[in-house]
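User: I am new to this structure and would like to go through it in questions and answers. Please show it before we start.

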Amino acid sequence: MGCALAAVAIPAGTAGATPSSGISAVTLGSADIPAGLLPFISGPGEATAREITIKPGGTTGWHWHDGPIFGIVKSGTLTHPGSDCKPVIYRAGDFINEPAGIRNTHRGVNLTKSDVVLDVVYVLPKGKPFFEDAAAPACDTPR
């Protein structure tokens, strides 16, 4: 969901990282998660709800997350290829589940003429960014 699945600001990133464009996000709320409460986070964590808008032609850029991301497509159609470059299409009302880890590198793209709006919850280890930049996989390199 990095898609969300993306953040407004891009941190200093990975060499070869693919920048986002046409993305805006509003944080709706956040809560601390005590250490030991969730088995997939070591130490304390944080859950943050955000509304993400991807403009027509916009992209999150290739990225991954340090914790799981859960979301709903509020409106629009999101094209969501993984590291195999095979796109999964999400439409309004669809649930998105993005597992943690670099092996789950992906990007979100809006190939339509209408905004894509996502409501996303990031469940991350405390202090981790919303996403980690990644280089485009070899299958995404123009030939």
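User: Which residues touch the most other members in the largest nonpolar core?
Analyst: This is a predicted model, in which local features need pLDDT of at least 70, side-chain atom pairs count only at pLDDT 80 or more, and totals for chains, interfaces and linings use all residues. A nonpolar core is a set of buried Ala, Val, Leu, Ile, Met, Phe, Trp, Tyr and Cys residues joined through side-chain atoms within 4.5 Å; buried means under 20% relative accessible area, exposed over 50%, and partly exposed in between, with a 1.4 Å probe and protein chains only. The largest such core has 14 residues, and those touching the most other members are Ile52, Ile54, Leu78, Ile96, Leu118, Val120 and Tyr122.

User: Which element gives the most residues to this core?
Analyst: Strands (E, at least two residues) and helices (H or I, at least four) are DSSP runs, numbered from the N terminus. Two or more core residues come from each of β2 (21–33), β3 (45–59), β5 (69–75) and β9 (116–125). The element that gives the most, with five residues, is β9.

User: How many helices and strands are in the chain?
Analyst: Residues are numbered from 1 along each chain as its sequence is written, and side-chain values use heavy atoms, with hydrogens and water left out. From the N terminus on, the elements run β-β-β-β-β-β-β-β-β-β. The count is zero helices and ten strands.

User: How does the model score in pLDDT, and where does pLDDT stay under 50?
Analyst: pLDDT is the predictor's confidence in each residue, from 0 to 100. The chain averages 89, and 87% of the residues score at least 70. Where pLDDT is low, the predicted coordinates should not be read in detail. The stretch under 50 is residues 1–14.

User: Is His65 buried or exposed?
Analyst: His65 is found in the loop between β4 (63–64) and β5. Its side chain makes a polar contact (N or O atoms within 3.5 Å; within protein, one able to donate a hydrogen and the other to accept it, and residues adjacent in sequence count only if both atoms are side-chain atoms) with the side chain of His106 at 3.4 Å. A polar atom of the His65 side chain also lies 2.7 Å from the backbone oxygen of Phe130. With a relative accessible area of 0%, His65 is buried.

User: What phi does Cys85 take in the hairpin of β6 and β7?
Analyst: The hairpin has five residues between its strands, and Cys85 is found in that loop. Cys85 is not a glycine, although its phi is positive. The value is near 65 degrees.

User: Which residue does a disulfide join to Cys85?
Analyst: A disulfide is a pair of cysteine sulfur atoms within 2.5 Å, and the structure holds one. The link is right-handed, with 85 degrees about the S-S bond. It connects distant parts of the chain, 54 residues apart, from the loop between β6 and β7 to the segment after β10 (132–133). At an S to S distance of 2.0 Å, the partner of Cys85 is Cys139.

User: Why does Cys139 count as partly exposed?
Analyst: The range for partly exposed lies between the buried and exposed cut-offs. Cys139 falls in this class because its relative accessibility is 34%.

Technical notes. Contact = heavy atoms within 4.5 Å. Pairing = 2+ DSSP bridges.
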